[in-house]
Amino acid sequence: MNRREFNRIAGLSALSLQVLPAVSAAGLAKSDVDGLARVPLGVCDHALRGMRLTADQVLDYAISNRLDAVQLNSFRPLESRDDAYLKGLRDRAASHDIGFYLGAGSIDDSSTRFRDSYGTGRELLREGIRVAVALGSPIVVCRIGTMEDRFTEGGIEPHIEAVSKTMRSLRSEALDAGVKFAFENHAGDLRTEELLPLIEETGTDVCGAMFDFGNCVWAMENPADAIERLGSHILCTSVRDAMVWGTDDGAIMQWTAVGAGLLDFPLYAKRIAELCPGVPFAVESISNSPRPIPFLTDEFWTGFPDLPASGIADFLEMLRRGEPLEFLEPPAGTDQRSFDIAHQQAELKASLDYLREHCHVGRKQAA
């Protein structure tokens, strides 16, 4: 990427953060496609992580881009967890017909990625229920950690048992609050055949899935098959595309803007609309960040001891169609943070545009 292209992207992206007037009824998009209600379109704050936006600023972005939902990856964007502050956010979002979806993070005390900033995993999840109610979020997104947890003592099973126990211990509180736990397949830690039993063991009346398309590929799964297995258990989504290509020890996966990778989002949007109507596509674009998947090494399979070769057949077919992506670096004279921010803004905008134009996603007309 040269300096001229970088400056062009940065300028265009900055404009997208300006707040526009509220959407009028006349500005609403056609409400259905082929008899199906349109999939709502949203943004996850992590898509603009370099900017470290507050929840109000993420909401500004959603308003200016006529989105339907805001997904918070964690409590971090919240300037306060006081009820008055949360109610103010909720009311302002509601006035623009935007819904909040709250994430809490890892609730597994033994995960390699667990942070005790809010106490134990159980204390974090309990606080998530309270904050979700005040914010108007129907769910609290939670997870184990990353693929690294598959290689800890005992494998992934002890982690699955631990998080299910934590959620079950707060079952009554969640039901009384009218909030569900949305458990995420995060960073390759869970495949669908592990996530679905976790949901069922916890109780489908209180637990469902936070389905991440990009993380599904990291776990060597076909998102189309995963959607069919999870079906109506999907409560929210994290959306980005992916490219994979072969290496000497397996593969490299790199996420991309939606439409720039190998995934079939027109199909996914149709099936989400059919199987779990009302569930939004929240764009969490992450790119220029390659992840190795060394599945040709013996060490890698210690983390997947029960996975048959047939379980990665679709992934291998995807690998056959993939091609290497260039890793982008800042042009001379541009610092890394400025480059990252501009790149993240451009990838997010490209994803939103593709979903609207090619997948009929979004219930409001674009600006």
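Q: In which sense do strand β11 (residues 250–256) and β13 pair, and over how many bridges?
A: Here is the general idea: strands of a sheet pair through backbone hydrogen bonds, either parallel or antiparallel. In this structure, β11 and β13 are antiparallel partners, joined over 3 bridges. Two strands count as a pair if DSSP finds at least two bridges between them. Within this pair, M253 stands opposite R291 of β13. Keep in mind that this is a predicted model, where local features need pLDDT of at least 70 and side-chain atom pairs count only at pLDDT 80 or more, while totals for chains, interfaces and linings use all residues. Residues are numbered from 1 along each chain as its sequence is written, and side-chain values use heavy atoms, with hydrogens and water left out.

Q: Which strands form the open sheet, and in what order?
A: The sheet has 3 strands, ordered β10-β11-β13, with antiparallel pairing. Its edges are β10 (241–247) and β13 (291–293), each of which pairs on one side only. From one strand to the next, the twist averages 30°; angles run from 0 to 180 degrees between N-to-C directions, with axes fitted as lines to C-alpha atoms.

Q: Are the two faces of strand β4 (residues 69–72) covered or uncovered?
A: In a regular strand the side chains alternate between the two faces of the sheet. For β4, both faces are covered: A69 and Q71 are buried on one side, V70 and L72 on the other. Buried means under 20% relative accessible area, exposed over 50%, and partly exposed in between, using a 1.4 Å probe and protein chains only.

Q: Which strands are joined to β4 by bridges?
A: Strand β3 (residues 41–44) runs parallel to β4 and pairs with it over 3 bridges, with C44 standing opposite Q71. The chain goes from β3 through helix α2 (residues 55–64) to β4 in a right-handed β-α-β crossover. That word means that, with the strands pointing away from the viewer, the path from the first strand over the helix to the second runs clockwise. Strand β5 (residues 99–106) is also parallel to β4, through 4 bridges, and L72 has L102 as its bridge partner there. Together, β4, helix α3 (residues 83–95) and β5 make another β-α-β unit that is right-handed.

Q: How many disulfides does the structure hold?
A: A disulfide is a pair of cysteine sulfur atoms within 2.5 Å, and this structure holds 0 of them. For C44, the nearest cysteine sulfur is that of C236, 9.7 Å away. C44 is buried, at 1% relative accessible area. C276 is in no disulfide either, with the sulfur of C236 nearest at 10 Å; C276 counts as buried at 7%.

Q: Where is H186, and which residues does H186 touch?
A: Look in the loop between β7 (180–184) and α7 (192–202). Leaving out residues up to four places away in sequence, H186 touches R143, G145, T146 and N215; contact means heavy atoms within 4.5 Å. H186 is buried, because its relative accessible area is 16%.

Q: How many helices and strands does the protein chain have?
A: There are 13 helices and 13 strands, which are DSSP runs numbered from the N terminus: H or I over at least four residues for helices, E over at least two for strands. Of the 367 residues, 54% are buried.
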